[in-house]
Amino acid sequence: MRRRSLFRWVFLTATLTLAACARGPADYQQTLLVFGTLLEVKAFTDKPDEFHRAVTDLDQTFQRMHRQWHAWKGEGELVRLNRAFAAGEALLISTELVELLRQSQHYAKLSDGLFNPAIGRLIGLWGFHSDEPPGGPPPAMNQIQGLLDTAPSMEDIRFSGNRLSSANPSVAIDLGAFAKGYALNLAIQRLREFGIDNAIVNAGGDLCVSGSHGDRPWIIGIRHPQGEGVIASVGITDGECVLTSGNYERYREYDGIRYAHILDPRSGYPVEHVASATAISHEGALADAAATALSVAGPGAWEKTAARMGLTQVMLVDEKGRVYLTPEMGQRIEFQQALPEVIIGVSESDGSM
Ligand code: AMP
Ligand code: MG
C-alpha cells in the first residue's frame with residue numbers, strides 16, 4: 001500500500017530503456033521511489049547525459065522536500081511548524097514552504113474548505129498519517145466531534161514575512177493532498193532547466209508532462225477505481241498535469257466497511273460516494289487540491305466546486321461506477337471500458353485556468 005504523501009525520496013533504480021542510436025531523440029526512463037510510490041521519469045530526447053543529471057538533481061531535491069515537509073516524521077520544518085502552532089508560537093520557515101502554504105490557503109478558500117490541509121489532527125485520529133493505516137474500529141464519534149469543534153482552518157494561519165503563527169492551536173498541516181502535484185510541476189520545470197523539454201513524470205498515475213512524444217502527444221491512462229486496468233485514456237499537451245484522488249489508494253477496513261483516506265472536513269468522516277476524482281490543469285498543485293476537494297464534493301456538488309476552483313477538465317467516478325464529466329473533459333477523453341452511465345455536467349468555469 002502506498003503512502004500518498006511527500007516522503008522518502010529514495011533513489012531506487014536507474015533504467016535506461018533505450019540507448020540513443022547514433023543521433024536523434026530516443027526514449028529514456030529512470031525510476032525513483034517518491035512519496036512511498038514509484039516516480040517514473042521518462043523523456044524523449046537526444047540529451048541522455050543531461051537527462052540523467054536532471055534526474056539525479058530531482059532525486060536530491062525531493063529527498064530534501066521529504067525531510068522538510070513530512071508532517072509526522074523527523075524534525076523537518078513542517079513538523080516544527082505544527083509544533084509551534086500547537087504551542088501558540090511563531091516560527092521562521094523557508095520561502096518555499098511559505099509559498100506552498102500560501103497556495104494551499106488559497107485553494108482551501110476556493111474549495112470552500114473541502115480541501116483543508118489544516119485538518120492534520122483529524123487525519124492523525126483516523127490513522128491516515130502513518131504509512132500503514134491501522135485496522136480496528138473507526139475513532140469514537142465524540143473524539144471526531146471534539147476536533148471538529150476546534151474548527152482548524154488555513155485562514156487561521158498568520159503570515160508575517162516568513163514568520164508564521166496560527167490563531168488556532170488545533171491547526172496541524174498535512175500536505176498529503178497537495179504536495180505531490182506541486183512536486184510534479186517542479187520536476188517538469190527542473191527537467192526543462194536541464195534542456196529536457198519532452199518529458200513525463202508519473203507518480204502512480206499522477207503526472208505532469210512537457211512537450212510531446214515525437215510527433216504525437218503523450219497519451220496516458222487513468223486507472224479504473226473499481227476494477228483492473230484503465231478506465232480511459234487521454235492525450236496530454238505541453239505543461240499539463242493529471243491528478244487523481246481515489247478511495248482505493250489508502251483506507252482502513254473494519255467489519256466489512258472501508259473507510260477511505262479522504263476526509264470530509266465538515267463531518268470528520270471519510271468520503272463515501274466517490275470512487276475517484278480526476279482533474280487536469282497546468283497547475284499540478286491546483287489539480288491535486290481539486291481532485292481531493294471534488295472527492296469530498298461528490299456527485300451533488302462537483303460542478304460547483306470545479307467552477308469555483310477554475311477547472312474545466314474534470315472527471316468523477318461514483319461508487320456505482322457512473323462517470324461524471326465536464327463537457328471539455330468529455331471532448332478529449334477516450335473510454336477503454338463499457339460504463340454503466342456517463343453524465344456530462346455543466347462547466348460553469350470562466351475558463352481562466
Ligand atoms: P489525495 O490523494 O491527493 O486526495 O490526498 C489524500 C491525503 O490528503 C490523505 O491521505 C490525507 O493525508 C489528506 N487529506 C484527507 N482528506 C483531506 C481533505 N479534505 N483536505 C486536505 N487533505 C486531506
Ligand atoms: Mg489531492
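## Pocket, magnesium site and strand pairing

The largest pocket here has a volume of about 380 Å³. A pocket is an open set of points on a 1 Å grid over the protein atoms alone where a 1.4 Å probe fits, with protein on both sides within 12 Å along at least five of seven lines, and lining residues have an atom within 4 Å of a point. The volume is the space filled by probe spheres set on the points, which are joined across faces, edges and corners.

Some housekeeping: this is a predicted model, where local features need pLDDT of at least 70 and side-chain atom pairs pLDDT 80 or more, while totals for chains, interfaces and linings use all residues. Residues are numbered from 1 along each chain as written, chains are lettered from A and ligands numbered from 1 in written order, and side-chain values use heavy atoms, without hydrogens or water.

Back to the pocket: 17 residues line it, and Asn247, Arg258, Ala260, Val271 and Glu272 lie nearest its centre. Strand S13 (residues 257–260) gives the most to that lining, with 4 residues. Strands here are DSSP E runs of at least two residues, and helices are H or I runs of at least four, numbered from the N terminus. By class, the lining has 10 nonpolar, 3 polar and 4 charged residues.

Now the metal. The magnesium ion (ligand 2) is coordinated by Ala177 (O), Asp288 (O), Asp288 (OD) and Thr292 (OG1), at 2.1 to 2.4 Å. Donors are N, O and S atoms within 2.8 Å of the metal (3.2 Å for Na, K and Ca), and sites may look incomplete because water is not among the atoms. Along the chain the donors are spaced A-x110-D-x3-T. That ties together distant parts of the chain: alanine 177 sits in the loop between strand S6 (163–166) and helix H6 (179–193), and threonine 292 in helix H7 (residues 284–308), 115 residues apart. Both alanine 177 and threonine 292 are buried, meaning under 20% relative accessible area with a 1.4 Å probe, protein chains only.

S6 has a covered face, Leu164 and Ser166, and an uncovered one, Arg163 and Ser165. Two strands pair if DSSP finds at least two bridges between them.

| Strand | Partner | Bridges |
|---|---|---|
| S4 (residues 91–92) | S6 | 2 bridges |
| S5 (residues 157–160) | S6 | 4 bridges |
| S10 (residues 230–236) | S17 | 3 bridges |

Leucine 164 in S6 stands opposite leucine 91 and is also the bridge partner of phenylalanine 159. The S5–S6 hairpin has 2 residues between its strands, and glycine 161 there takes a positive phi near 65°.

Conventions: Ala, Val, Leu, Ile, Met, Phe, Trp, Tyr, Cys and Pro count as nonpolar, Asp, Glu, Lys and Arg as charged, and the others, Gly among them, as polar. Buried means under 20% relative accessible area, exposed over 50%, partly exposed in between (1.4 Å probe, protein chains only).
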